[in-house]
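Subject: Structure handover

Hello,

Here is the structure for you to look at. My notes on what was found follow below it.

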Amino acid sequence: IEESLKDLDRNGDGLVSVDEYMADLLADEEELMNDIELLERERRKFSEQHDTDKDGFLNEWEVRDWLTPNNDSPSRAVAARLVAAADSNRNGVLEKPEIVRNYQVFVGNSFISHGGEL
């Protein structure tokens, strides 16, 4: 992801602008430059789908989400399972009493390297 961000970020500011995004899209596809509908669709996709914080740029997390849309990150999957297991009231948010009451979910998980400190 970091290497992709460096490749996309042509001005070195750590962010990907819509122009940098479009330049990457069109880099090897000169015939696409004349496809106005495609260009507009890609600009909308940048703004509506990829730029989730709506600041006009893609940061590292937004680039990560764009390049790995299914977000098959093992860490995220483990975190989701841990939250689901400890979320007693099923509101999607862990509250301090739930964490304390279900501490064994976190301490007993092999993916948590510092679980013993809980």
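Lysine 45 is partly exposed, with a relative accessible area of 29%; here buried means under 20% relative accessible area, exposed over 50%, and partly exposed in between, with a 1.4 Å probe and protein chains only. This is a predicted model, in which local features need pLDDT of at least 70, side-chain atom pairs count only at pLDDT 80 or more, and totals for chains, interfaces and linings use all residues. Residues are numbered from 1 along each chain as its sequence is written, and side-chain values use heavy atoms, with hydrogens and water left out.

Salt bridges

How many salt bridges does a search of the whole structure find? The search gives three, where a salt bridge is a side-chain nitrogen of Lys or Arg within 4 Å of a carboxyl oxygen of Asp or Glu.

Lysine 45 takes part in one of them, with glutamate 42, at 3.5 Å from N to O. Glutamate 42 is buried, at 10% relative accessibility. Helices are DSSP runs of H or I with at least four residues, strands are runs of E with at least two, and both are numbered from the N terminus.

A salt bridge also joins arginine 64 and glutamate 60, at 3.1 Å from N to O. These residues are four apart in helix α4, again about one helical turn. Both are partly exposed: arginine 64 has 22% relative accessibility and glutamate 60 has 29%. In general, an α-helix has 3.6 residues a turn, so residues three or four places apart point the same way.

Aspartate 19 and arginine 43 also form a salt bridge, and their closest N and O atoms are 3.6 Å apart. This pair links distant parts of the chain, with aspartate 19 in helix α2 and arginine 43 in helix α3, 24 residues apart. Aspartate 19 is exposed, with a relative accessible area of 51%, while arginine 43 is partly exposed at 37%.

Aromatic pairs

There are two aromatic pairs. Rings of Phe, Tyr and Trp (its six-membered ring) pair if their centres lie within 6.5 Å; planes under 30 degrees apart count as stacked, over 60 as edge-to-face and the rest as tilted.

Tyrosine 21 and phenylalanine 46 make a tilted pair, 5.2 Å from centre to centre and with 55° between the planes. Tyrosine 21 lies in helix α2 (residues 18-26) and phenylalanine 46 in helix α3 (residues 36-50), 25 residues apart, which makes this a link between distant parts of the chain. Both residues are buried: tyrosine 21 has a relative accessible area of 3% and phenylalanine 46 has 1%.

Tyrosine 21 also pairs with tryptophan 66, again tilted, at 5.0 Å centre to centre and 55° between the planes. Tryptophan 66 is in helix α4 (residues 60-67), 45 residues from tyrosine 21.

Around helix α2

Which residues of α2 are buried? They are Glu20, Tyr21, Met22 and Leu26. What covers them includes α1 (2-8), β1 (16-17), α3, β2 (57-58) and α4, where contact means heavy atoms within 4.5 Å.

Regards
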